[in-house]
Each structure stands twice: as structure tokens, then as C-alpha cells.
Number of protein chains: 2
Amino acid sequence: MADGQDLTRNEAGIDAALARLQQRFGARVETGAAMREQHGHTVTWIAPQPPDAVIFVESEQEVQDIVRICADTRVPIIPFGTGTSLEGQVNAPAGGISLDFSRMNRILAVHPEDMDVVIQPGVTREALNTHLRDTGLFFPVDPGANASLGGMAATRASGTNAVRYGTMKDNVLALRAVLPSGEVVKTGNRARKSSAGYDLARLIVGSEGTLGLITELTLKLQGIPEAISAATCSFASVEDACNAVILTIQMGLPVARIELLDALSVRGVNAYSKLDLPEAPMLLLEFHGSENSVKEQAQAFGDIAEDFGSQNFAFTTKPEDRSRLWQARHDAYWASLALRPGAKGISTDVCVPVSRLADCVTQAQARAEALGLIAPVVGHVGDGNFHCLPLIMMDDAEEVTRAREFVGWLNDLAISMEGTCTGEHGIGQGKKPYLRGELGQPALDMMGAVKRAVDPLDIFNPGKILPDDA
Amino acid sequence: MADGQDLTRNEAGIDAALARLQQRFGARVETGAAMREQHGHTVTWIAPQPPDAVIFVESEQEVQDIVRICADTRVPIIPFGTGTSLEGQVNAPAGGISLDFSRMNRILAVHPEDMDVVIQPGVTREALNTHLRDTGLFFPVDPGANASLGGMAATRASGTNAVRYGTMKDNVLALRAVLPSGEVVKTGNRARKSSAGYDLARLIVGSEGTLGLITELTLKLQGIPEAISAATCSFASVEDACNAVILTIQMGLPVARIELLDALSVRGVNAYSKLDLPEAPMLLLEFHGSENSVKEQAQAFGDIAEDFGSQNFAFTTKPEDRSRLWQARHDAYWASLALRPGAKGISTDVCVPVSRLADCVTQAQARAEALGLIAPVVGHVGDGNFHCLPLIMMDDAEEVTRAREFVGWLNDLAISMEGTCTGEHGIGQGKKPYLRGELGQPALDMMGAVKRAVDPLDIFNPGKILPDDA
């Protein structure tokens with residue numbers, strides 16, 4: 001199984017911690033099997049590893065109290081947002097306490113003039129945007145799932161509009177986190193930029209709960225655009241589609257989203273949503289701006305698409321038509337699963353320089369076919385990030401082996417193309433075997449040195465990110 | 001004097017290091033007084049502290065060799081780019097070896113399709129943009145000085161167009177750096193985004209040479225905009241000007257630069273450049289986009305300016321007129337110095353949430369006046385960052401004391417307004433006394449833990465960033 005699955009449990013410590021936690025939190029220390037299983041599940045092929053207990057924390061002070069007890073007793077703490085991470089980040093390979101942040105879901109302050117918001121980490125992306133609706137502002141990062149913003153920060157999530165608005169790394173102004181010492185670190189104030197010392201916010205964002213437990217986030221907001229246009233078009237090949245993407249970005253068209261579905265994904269969507277789109281690689285775009293500019297931008301893209309042979313460019317600025325044009329993208333995940341009823345979709349997450357994207361996607365398609373795998377592709381192609389989703393019958397060990405071979409091969413391919421094995425899902429347990437090949441031993445050494453300096457007892461989400469032999 | 005000026009020199013180690021370095025590098029170990037003084041100068045009131053020797057490094061391997069010798073002998077290494085840092089970053093408070101990176105100035109690869117470039121750290125901003133001219137691409141970060149890109153990364157620099165393109169933190173895709181161990185860390189590949197472990201690039205960017213010596217940078221590039229418009233206008237008060245800025249950004253106008261000169265700065269510019277601008281707070285803007293959009297944006301801003309009482313809004317899309325409109329901003333620094341011949345300008349660098357900006361600037365002006373200081377203001381107001389520049393006769397000890405009081409007061413004021421003492425200049429030696437007040441002890445503890453983990457011998461730029469009692 002994946003690296004980091006076989007950590008040793010500190011049974012005596014866990015017993016002691018549970019006793020002390022029960023003293024402090026009473027019945028709020030939940031040890032029922034269903035609750036524990038729900039907090040140690042994964043949506044990949046990584047086996048679930050439930051924690052010993054779950055506590056729904058309600059304040060930063062409670063988090064500090066738990067951390068101090070777990071530090072005393074050397075017991076792991078695993079933070080939990082909504083459980084939508086994809087690489088085993090919430091698993092408890094050495095047992096321990098899962099801290100569920102869903103009740104720390106208050107929006108603490110909205111500053112419309114400064115276009116920022118201060119929130120607790122359990123606020124979800126959708127809850128935040130619902131709350132903001134009347135301010136004319138929104139939070140742009142959209143990973144698809146209605147994840148908690150604390151979890152999104154912890155995994156450095158992004159999604160369809162990162163090409164315009166960046167990832168969580170770009171949208172967290174500052175944060176508060178409880179450290180393994182029990183102290184609370186504040187990484188900055190609300191200034192839009194700062195050169196005040198080491199960038200602790202960026203160090204904690206993406207650290208997957210291994211350095212600090214995020215208890216507060218100050219996030220940048222964006223103005224809801226005056227107008228939005230959507231566009232779609234099909235291409236004869238993935239290469240034509242990717243070349244259109246490259247030219248669009250080189251020309252400086254401020255595209256807000258630019259997504260690729262490969263022919264197999266489109267076939268899935270046609271079957272699932274009863275559409276009759278051409279079963280060919282398809283781009284879906286969104287532009288944000290003034291009424292005039294979004295029209296101008298969509299038309300400028302239309303010219304590019306035509307230059308690369310697209311014959312069915314369509315665009316609209318009407319909200320109802322936008323949804324229709326983008327339906328293929330919205331349905332893509334479920335439509336892909338429906339291509340093979342009963343199968344599990346194993347999401348890959350490579351990201352390569354956009355000049356290598358067509359080659360990477362095309363090779364992935366060919367390799368999947370050679371391995372007898374059904375593996376539709378959707379991609380955030382403006383960033384060079386795509387998800388190839390092998391559909392696997394998990395009870396067929398031989399097929400799982402082939403899928404595993406495919407995933408490893410694809411990760412290595414992306415790395416050989418100066419890319420990464422993970423654009424937005426994180427390392428967790430699943431991608432640990434690829435980190436050394438991607439960054440080299442000195443980077444692992446530096447990460448390990450930081451980890452040991454901040455968490456010398458290795459109680460914060462042990463067994464994640466760093467390979468066991470790092 | 002500033003914190004960190006009184007570190008102990010390791011005389012025996014320095015002698016041993018010099019002997020070994022001379023063996024390896026011969027006459028390239030430069031120990032002449034003029035060369036040493038040039039590398040230990042500062043442009044502030046911090047006293048110069050020259051290193052014991054200067055080596056113009058020519059390769060990553062040479063940097064590694066020097067680091068290993070200095071680690072063996074426990075001797076400080078201070079990286080030097082162009083010497084334009086403003087907080088004593090290049091000073092050698094415990095002596096040691098200054099590594100001048102100006103000969104590591106090769107552009108290693110330009111990838112137009114991926115809109116990135118791989119360079120050595122000694123390449124300057126202007127040299128890079130000259131090299132890129134024919135590609136239709138440019139590197140946007142512009143701190144004013146023609147600094148080296150390695151230095152800009154090390155101090156997390158930004159400048160006038162950060163409001164649109166971000167700071168160095170946002171524009172470094174990946175880097176290579178020599179660590180105190182002598183090993184070379186690579187922080188990532190050329191993918192536009194990655195969730196692969198701790199964000200070591202962001203940890204090293206802004207660490208001012210205290211964690212790693214940058215030997216290679218992969219930078220994001222932008223397309224040269226099809227069209228640029230410039231606009232200027234005056235306001236009755238700083239508050240009106242700031243309110244116009246707030247509304248501009250809230251409306252989502254994609255302003256590329258938005259700069260403020262206060263009335264005193266404008267008076268300086270009028271005298272220096274023989275202009276007759278109204279001696280009132282003035283905004284200067286630049287928009288980047290298509291021909292239509294930059295016109296539309298400038299006009300939309302014109303409407304906002306009028307709403308806040310401006311009566312002299314002017315804009316243009318012609319390059320020759322743009323330079324004329326922006327002349328006041330280009331001349332502001334030298335014009336400010338000319339307000340008081342013989343004086344030194346002591347640049348402050350606070351950054352506050354934009355809602356607090358008018359209050360912060362107005363209080364700074366009043367306080368300077370009450371202290372009898374001449375202190376013009378220029379600001380990157382889209383980010384809430386401004387430089388108030390007390391003009392000080394450095395041989396007047398009493399005046400220096402008043403200026404020192406002013407700077408400390410202003411840093412504390414910005415921090416009390418949820419801002420930072422440094423938006424873009426860094427901490428160096430000069431701002432060390434303010435870091436604890438801004439971030440709190442746990443942040444200093446975490447930075448100190450990281451520093452000790454990566455540089456246990458404290459040989460990389462000692463006496464910078466962290467207070468001596470941290």
C-alpha cells in the first residue's frame with residue numbers, strides 16, 4: 001500500500017490522551033465506529049485509517065488545549081474539514097485524534113473597502129460566497145467540491161479559475177494557526193503585501209496540517225464581475241485545443257476559466273446528460289469584465305479557435321445560456337463515472353508547462369488505452385493541470401495493479417516534462433513516493449528540517465507529505 | 001544604533017576562511033578597502049559595515065565551495081546583488097564574505113509558450129526586459145531601482161505595478177539556492193502551480209539571504225499589453241484621493257499602476273521639473289489591455305475621480321503623452337531630495353489596509369510637521385503601501401533623533417491599523433525592532449526555529465530579520 005501506512009501506534013499515549021480529553025471534553029470525545037470511519041475515509045484506493053476519536057472543536061482555545069494534551073502524550077492530531085481531500089490527508093496511520101473544524105464556521109469580519117474577509121477555517125466556499133452575496137464581492141478559488149476554506153488552505157487547493165485568480169497560496173492574506181507547542185502563531189496583518197520576515201502564511205498553506213492547525217484565515221476577495229461571457233468549441237485534436245490555449249494566454253486575454261474535456265469525457269457527457277456534442281476535444285471558457293470587454297474577449301478567442309480549425313465556436317453573455325454551454329463541464333465528473341457503472345474514479349493531478357500539455361495528455365490517453373484502462377481527461381488547461389480519471393473496479397486486483405502502474409507512469413512523465421505530480425490535490429499519503437523524484441533529496445531534507453523544528457514530536461498529521469525514509 | 005549591529009566577530013575563523021578562499025580563488029578574493037566599503041554600504045542611517053572580503057561568484061559550484069569553507073570556519077556569508085536594498089541587508093555586522101552575484105547574469109532559457117524564463121540571480125530587471133523585448137513578453141515587477149532579480153526575490157520586492165501583477169512572491173515560479181549545508185535545493189519545476197509539499201520557494205523569497213543563496217530563478221512573464229493608457233488627476237485631500245482608489249478597485253477596474261503623490265511631493269516636482277501642477281494630492285494611473293479596454297477603463301476612472309471632486313482628470317493612450325503625464329512620478333524621488341539640498345531621504349515603507357490609508361497618510365503628514373520634519377509622501381496606493389521620506393541632515397544629531405522617533409512612530413501606527421512596517425523593503429537591520437510588535441512572539445519563535453533548522457551555525461547573513469533577543 002501507499003507509503004506511510006505502517007506507522008507505529010503509541011497505544012499507552014492514546015489511552016492517556018483519551019482519558020485526559022474525556023476529562024476536558026466529556027462526551028464530545030466521539031469514539032463511535034461510524035464517526036471514526038467517516039473521519040478516516042478516503043476517496044482513493046488508499047485504505048481508510050480511522051482515528052481513535054473525533055472532537056468537533058469550537059474555538060482556538062479548545063484546539064490549543066487538545067494540542068497540549070496530545071503533545072504531553074505523544075498522540076497524533078489530524079485536522080478534518082469536509083473530508084474532500086483526495087490523497088489520504090485525513091487518514092490516521094498511527095491513530096490519534098481527528099479535529100473536525102466544521103463547527104468553527106463563523107465569518108468574523110467582512111471588510112468591503114479592503115476587499116478582505118476574516119473567517120474561521122470551517123467556513124465552506126459556498127457558505128462564504130452566500131454570505132458575501134450582497135457585498136458585490138466573492139471569493140474566487142473553486143476546487144469543485146464545497147470544501148472548507150481551512151482545508152483548501154491546508155492543501156493549497158485551486159480549481160477552474162486559478163488561471164485568473166490564483167490558488168489558495170495567492171488568496172490567503174494571513175492566518176492564525178495553533179502550533180505543536182500549543183502556541184498560536186499569527187502570520188501577518190491585513191496589509192495587501194508585506195516583506196516582514198519569513199512568509200509563514202505560505203509555509204503553512206499547503207503543509208496539510210503537518211506544521212500548524214489553521215484557526216483563522218484572512219482571505220482576499222474579488223469584485224463580482226459586471227459581466228461574464230462563456231464560450232465553447234471543439235477541436236480535431238488535443239494538440240489544436242492546447243495550441244489555442246497557449247495563444248489565448250500569450251495574447252493576454254484575461255480568461256477567467258479555460259477547461260478541456262477530451263473526446264472520451266465528451267462521450268460520457270453526451271450519454272449522461274443526453275447531449276449531442278461532437279465527440280472531440282472541447283474547450284470551455286469564461287471571461288469576466290465589463291459588458292464590452294467580455295464580448296470582445298470571447299470574440300477574440302473565437303478568432304483564435306477558428307485559426308486552429310474549430311468550426312463550432314459558440315459564446316454567450318446570458319446567464320441561462322452560460323449554464324447550458326458549460327453543462328458538459330459541470331456534469332463531467334459524474335458523467336465520467338457513469339461511463340463504467342460500479343467503477344471508482346482514481347483522480348490523477350499532474351501539471352506541466354503548457355507547451356508540454358498536449359504531449360502529456362496524448363501520451364496519457366495512449367498509455368491508458370494500451371493498459372486497457374478507461375480514463376477520461378478533464379483539465380484546467382490554462383495552468384497546464386489536468387485530471388486523467390482511470391475508472392477502476394476496485395475488487396479486480398489485477399486491474400488495480402494496472403491502474404497503479406498508470407498513475408505512477410503518468411506522475412513520472414509529468415516530472416520528466418518539468419512538471420509536478422500534483423497541481424492542486426497535495427501529496428498526502430498517495431503521492432509521497434513521487435516527491436523525491438520531483439524535487440530531489442535536498443528539498444526533502446529542507447522540508448524535514450522545517451518539520452522537525454516546528455513539530456519535533458511528529459504529532460501533527462504524521463505520515464503525510466514526507467516519504468518515510470526522508 | 002539599529003539592532004544587530006554588535007555581533008561578535010570570529011577573528012580566527014575569518015583568517016582561516018580567507019586563507020582557504022585565497023587558495024581556491026586567488027586574487028578573486030578582493031580585500032581592498034574601496035571594494036569592501038562598496039559592498040557594506042547602506043542608503044539609510046544605518047552605519048556601513050563592510051565585509052572582510054568580496055568574491056564575484058561565477059557559478060553555483062563556486063557558491064557551494066565558498067559556503068563549505070565558511071561553514072567549516074564559522075564565517076558569515078552576505079549575498080550582494082546591486083546594493084539597492086534599503087534596510088542594511090548587505091551590511092556585515094560580524095564581518096565575513098560578501099558574495100557579489102553580478103557576474104552570474106546569464107539568461108538560461110526563455111520559454112515564450114510557457115511565458116516563463118530561467119535566469120541567474122545577477123540578471124537585473126532592465127537587462128531581462130531588454131533581452132525579452134522581441135518576444136512580446138515582459139517581467140512586470142518594478143521596484144524603481146534597476147535591482148538584480150536575485151536581490152528582488154531575496155527581499156520580496158515589488159513596486160508600482162504590484163496592484164496588478166503581484167510581488168516577487170507571486171512571480172517566482174521556482175528557484176535553486178545553495179543551503180548552509182552546501183547542498184543545492186530546487187524548490188520546484190516549471191509547472192504554473194503545484195501542491196507538492198512545503199512551499200520552499202516562498203520560504204526563501206523574502207528571507208533576505210538568511211536561509212539560502214539564490215543561484216537560479218524561474219520567473220513568470222506577462223504579455224506586453226496591446227495598449228496602455230495613462231491618467232492623472234488632483235484631489236482636494238488625500239482622503240478624496242484614497243476614496244477614489246478604493247472605489248476603482250472595488251469596481252474591478254484592472255488598474256496596472258495607481259500611485260499617489262502628496263501636495264509636498266508635487267511641490268517638489270514642480271520645482272525640480274519646472275512643471276505647474278496644482279500643489280494638491282495627485283493620483284497617477286496606468287491601465288493595460290486592448291485599445292478599447294484601456295480607453296474604457298481610463299474613462300471609468302475619470303468618472304470616479306469626478307465623483308470625488310477632481311477637476312483636472314487627464315488621460316492618454318499615446319506613449320509620448322504617457323511619459324509627460326507620468327513625469328511627476330518618475331521624478332518624484334530626486335525632486336523630493338531637491339526640496340532640501342544636502343539632506344538624506346530616509347525611506348519608510350508602511351503598508352495598511354486601503355480603508356486606513358488616508359488616515360495613516362494624514363496622520364503621518366501631521367506628525368512630521370509637528371516634529372519639524374520635511375517628509376514628502378509617494379504611495380503605491382492600490383496596495384495601501386506608501387513611502388514617507390523624511391529629509392534629514394545626517395550631521396544634525398538632534399534632527400536624526402527626531403526622524404528616528406518619527407519612523408518608529410509611523411511603523412507602530414501602521415501596525416496598530418492592522419498593517420505592516422514594511423510593504424516591500426524588508427526587515428534587514430533597520431526594521432528588526434518592529435517585527436515582534438507586528439507579528440508577536442510565536443511568529444518570531446517559528447521563524448527562529450526554521451532559521452536554526454536550516455542554518456544551525458548562523459552563517460547566512462547573520463544579524464538580519466530576527467531581533468537579537470528572538
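Reader: By what turn and what shift along the axis can chain A be laid on chain B?
Author: In this predicted model, local features need pLDDT of at least 70, side-chain atom pairs count only at pLDDT 80 or more, and totals for chains, interfaces and linings use all residues. Residues are numbered from 1 along each chain as its sequence is written, with chains lettered from A and ligands numbered from 1 in the order in which they are written. With copies superposed by least squares on the C-alpha atoms of residues with pLDDT of at least 70 in both, the RMSD is 0.0 Å, and the copies are thus related as by a two-fold rotation axis.

Reader: Which element gives the largest share of the side of chain A that touches chain B?
Author: Counting residues as in contact if their C-beta atoms, placed from the backbone, lie within 7 Å, the contact takes 78 residues from chain A and 78 residues from chain B. Helices (H or I, at least four residues) and strands (E, at least two) are DSSP runs, numbered from the N terminus. The largest share, nine residues, comes from α16(A).

Reader: How are α14(B) and α15(B) oriented to each other?
Author: Taking axes as lines fitted to C-alpha atoms, for helices over the stretch in contact, and angles from 0 to 180 degrees between N-to-C directions, helix α14 (residues 397-416) and helix α15 (residues 432-439) of chain B pack at about 20°, with their axes 10 Å apart. Angles under 35 degrees count as roughly parallel, over 145 as roughly antiparallel, 65 to 115 as roughly perpendicular and the rest as oblique. The two helices, α14(B) and α15(B), are therefore roughly parallel.

Technical notes
Contact = placed C-beta atoms within 7 Å.
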